[in-house]
Amino acid sequence: MATIDTPVKTSAGGPGHAPVRAPRPRRGRPGSRLRVKVVVALLLVVEVYPMIWMLLTSLKSNDDYLNNSTWSLPTTWEWSNYTEAWTTGHIGLYVQNSLLAVVPALALMLLLGTAAGFALQVMVWKGRSLTLLVFLAGMMVPPQMILLPLFTVYFQTGLSGTLWPLILTYTGTGLPLTVFMMATYYRSVPRELFEAATIDGAGILRAFWTISLPLVRNALLTVGLVQFFFIWNDLLIALTFTNNQDLRTIQVGLLNFTGDFGATQYGPLFAAICINVFGTLVIYLFLNQKVMKGLTSGALKG
């Protein structure tokens with residue numbers, strides 16, 4: 001069998017000398033590795049320990065919280081705090097209101113933002129650059145400046161007392177960032193795909209629904225994940241437009257979480273906070289894996 005003869009490098013003394021070996025790559029020092037491990041361990045403690053403390057506090061009774069040390073373990077494990085938070089504290093109702101406000105707003109935001117990004121980057125028409133700048137200018141408007149005019153408009157149109165003010169406000173405030181991110185992502189999509197679809201007879205709507213949406217599903221997951229946490233953790237807008245106790249979102253409900261006679265029940269309160277935090281944490285972990293898988297498997301084959 002024929003083989004390829006590779007020349008052996010020799011030293012400058014001639015063929016009689018031993019071949020020169022390539023220098024080995026230097027390995028990291030054990031001390032530097034130890035420092036990195038210590039830093040990672042400290043960061044892990046900083047991130048995990050507050051959640052463990054919050055979970056343990058949610059299992060304390062009110063006497064344990066008031067009379068014992070803040071860092072002490074519960075003397076009695078009060079699992080009934082979660083039941084009381086869900087029933088007496090109406091956390092189930094607050095979670096339902098948050099979902100009814102966040103899910104439609106997120107769907108409208110992604111649909112309109114994707115369509116606007118498609119129109120601004122794929123379609124060719126006059127004034128699209130100026131329109132993109134108008135959307136970007138919307139990111140510079142503080143939400144505090146529009147609350148009073150929006151409250152007046154919602155009151156005059158009869159939308160007060162419903163969840164529609166939250167849905168419309170969330171959609172409007174989150175749309176500029178969504179349009180900017182989707183328009184940026186559309187720049188990486190090859191124009192040859194849309195040109196081939198146009199030659200085959202596809203119109204604008206068909207090119208948008210059947211070609212562009214599957215290509216930008218990674219961006220939809222990423223933008224949806226970011227906007228979901230922005231809307232879910234909102235307190236200012238929800239506190240302004242929810243004038244009814246039955247319409248409170250979970251953030252407003254936690255702000256007004258009190259027991260009988262206006263006294264704060266710390267065990268059920270921390271149980272409600274744990275329901276909120278760990279519930280969103282599970283959603284984040286699930287969607288984060290979906291985004292990573294989508295980014296690695298969504299490459300175009302040419």
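In this predicted model, helix H4 passes helix H7 in a right-handed crossing. The two helices, H4 and H7, pack at an angle of about 35 degrees, and their axes lie 7 Å apart. Where H4 meets H7, the contact residues comprise 19 that are nonpolar and seven that are polar, with no charged residue taking part. Both helices return below among the elements that cover the buried residues of helix H9.

**Overall architecture**

- The protein contains 13 helices and zero strands, so that its pattern, read along the sequence, is α-α-α-α-α-α-α-α-α-α-α-α-α.
- Of its 302 residues, 31% count as buried.
- When contacts between residues at least 6 apart in sequence are considered, 69% of them join residues that are at least 24 apart.

**Helix H9 and its surroundings**

- Helix H9, which runs over residues 204-215 and has twelve residues, reaches 15 Å from its first C-alpha to its last, a span close to the 16 Å expected at 1.5 Å a residue.
- The buried residues in H9 are Ala207, Phe208, Ser212 and Leu213. Because these residues cover an arc of only 150 degrees around the axis, they fall on the same side of H9.
- The cover over the buried residues of H9 includes helix H4 (91-121) and helix H7 (164-186), together with helix H8 (191-199) and helix H10 (217-232).

**Pro165 in helix H7**

- Pro165 is located in helix H7, and its relative accessibility of 2% is under the 20% cut-off, which means that Pro165 counts as buried.
- Apart from its neighbours within four places in sequence, Pro165 is in contact with Tyr154, Leu159 and Phe241.
- Pro165 and Ala101 are separated by 64 residues in sequence, while their C-alpha atoms are 9.0 Å apart in space.

- His90 is placed in the loop between helix H3 (80-87) and H4.
- Although His90 is not a glycine, it has a positive phi of about 60 degrees. Most residues other than glycine have a negative phi.
- With a relative accessibility of 37%, His90 lies between the 20% and 50% cut-offs and therefore counts as partly exposed.

How values were computed: Residues numbered from 1 in each chain as written. Predicted model: local features only at pLDDT ≥ 70, side-chain atom pairs only at ≥ 80, totals over all residues. Heavy atoms only, no water. Helix = DSSP H or I, 4+ residues; strand = E, 2+ residues; numbered from the N terminus. Expected span 1.5 Å × (residues − 1). Buried < 20%, exposed > 50% of the residue type's maximum accessible area, 1.4 Å probe, protein only. Arc of directions from axis to C-beta. Contact = heavy atoms within 4.5 Å. Axes fitted to C-alpha atoms, helices over the stretch in contact; angles between N-to-C directions. Left-handed = near helix turned anticlockwise from the far one by under 90°. Nonpolar A, V, L, I, M, F, W, Y, C, P; charged D, E, K, R; others polar.
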